[in-house]
Amino acid sequence: MIYMQKLPGAGGAEKVKKMKIIKLAAAKLNLLLDLTGIFPNGYHGIYTVMQSVDLADVVSIEQAKDIALTCDAPEIPCDVHNTAYKAARLFFAQTGIEGGAHIDIQKRIPSQAGMAGGSADAAAVLCGLNELYQADLSQAQLCALGAKIGADVPFCMLGGTALCQNIGELCTKLPDLPACSIVCVKPDCNVSTAEAYAAYDALQQVRHPAKENAIFAYMQGDLQEFYRLCANVFEQAVDVPGRAEIKSVMRAFRCDFTLMTGSGSVVYGIFSDEKVAEDCASALRRGGRNAFVVHPVAAGILPYVK
């Protein structure tokens, strides 16, 4: 949604004084996650199937002279360390546009949870500034900019269901995940992405998922086989307290699949039945867990509707 305030100009013409755009930045879940090696530049190669869900941050962007960022979550940095701030700075540097933006983020996606909250915000800023300043960058150009910020940013712009490879810039759309309800649990702990990668690098041996077979099964519509073959290699490196117990509860409610997303700490379970998913989430909450239910969506950047 774009808000415009117009004032009479010379000769009766109108000109835009202020413009503001609001985007919903959708969270993601990893249905499969493998690491394929380390490139000469130090980046890890990834092979992952990601899914956008209907939990989203509200990102407001308004034209300004300089870049400024505010956020309603006190633990989130509002300076150059914030990915949304980095995205704005990169946008103006790469396009040569003279301008700035005031960015306000209402956090709904938990941080350090493996749900790409920061990357989603960065994607929303790039897409929003592209509209706000009428830069006419293509989706491919926006994704190329996003890849310079983080591996999840290109997917967060594309959204839906996708296979992402290399350093995240190679995104291939997959058929939409069938309608389902997904119970997510955010444990009390947070997981640092950098520390998770360091822990992975320290592993002496890694069990890699049969990823190509998993993709083949998904394209054949065999979800049961797809889920059987899916895994997240970070589960071998990152110790999230309570993960086994959370999965046990989800399996007791006969979830179709359960996994940790990203480098953690959120653990999720996929259910075909909405009521069973809600019952599972209620049981987890009674056990003191922070549980919530989300659903797949077909886009990463969603329109804001009041």
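How many bridges join strand 3 to strand 5, and do they run parallel or antiparallel? The close-ups below, taken from a predicted model, start with that pairing.

**View A. Strand 3 beside strand 5.** Seven bridges join strand 3 (residues 44–64) to strand 5 (residues 100–106), and the two run antiparallel. To find your way in this view, look for V59, which stands opposite I105 of strand 5.

**View B. Strand 4 beside strand 5.** Here the pairing is parallel, with five bridges between strand 4 (residues 67–71) and strand 5. L69 has I103 in strand 5 as its bridge partner. Between strand 4 and strand 5 the chain passes through helix 1 (residues 83–95), making a left-handed β-α-β crossover.

**View C. Cysteines without a disulfide.** The whole structure holds zero disulfides. Take C71: its closest cysteine sulfur, in C78, is 5.4 Å away, so the two are too far apart for a bond, given the 2.5 Å cut-off for a disulfide. C184 is likewise in no disulfide, as the nearest cysteine sulfur, that of C180, is 10 Å away. C71 counts as buried at 18% relative accessibility, and C184 is buried too, with a relative accessible area of 0%.

**View D. L284 and its surroundings.** This leucine belongs to helix 9 (residues 274–286) and is buried, with a relative accessible area of 3%. Beyond its neighbours within four places in sequence, L284 is in contact with V183, V185, I246, V249, M250, R289 and A291.

Technical notes. Residues numbered from 1 in each chain as written. Predicted model: local features only at pLDDT ≥ 70, side-chain atom pairs only at ≥ 80, totals over all residues. Heavy atoms only, no water. Buried < 20%, exposed > 50% of the residue type's maximum accessible area, 1.4 Å probe, protein only. Helix = DSSP H or I, 4+ residues; strand = E, 2+ residues; numbered from the N terminus. Contact = heavy atoms within 4.5 Å. Pairing = 2+ DSSP bridges. Right-handed = clockwise from strand over helix to strand, strands pointing away.
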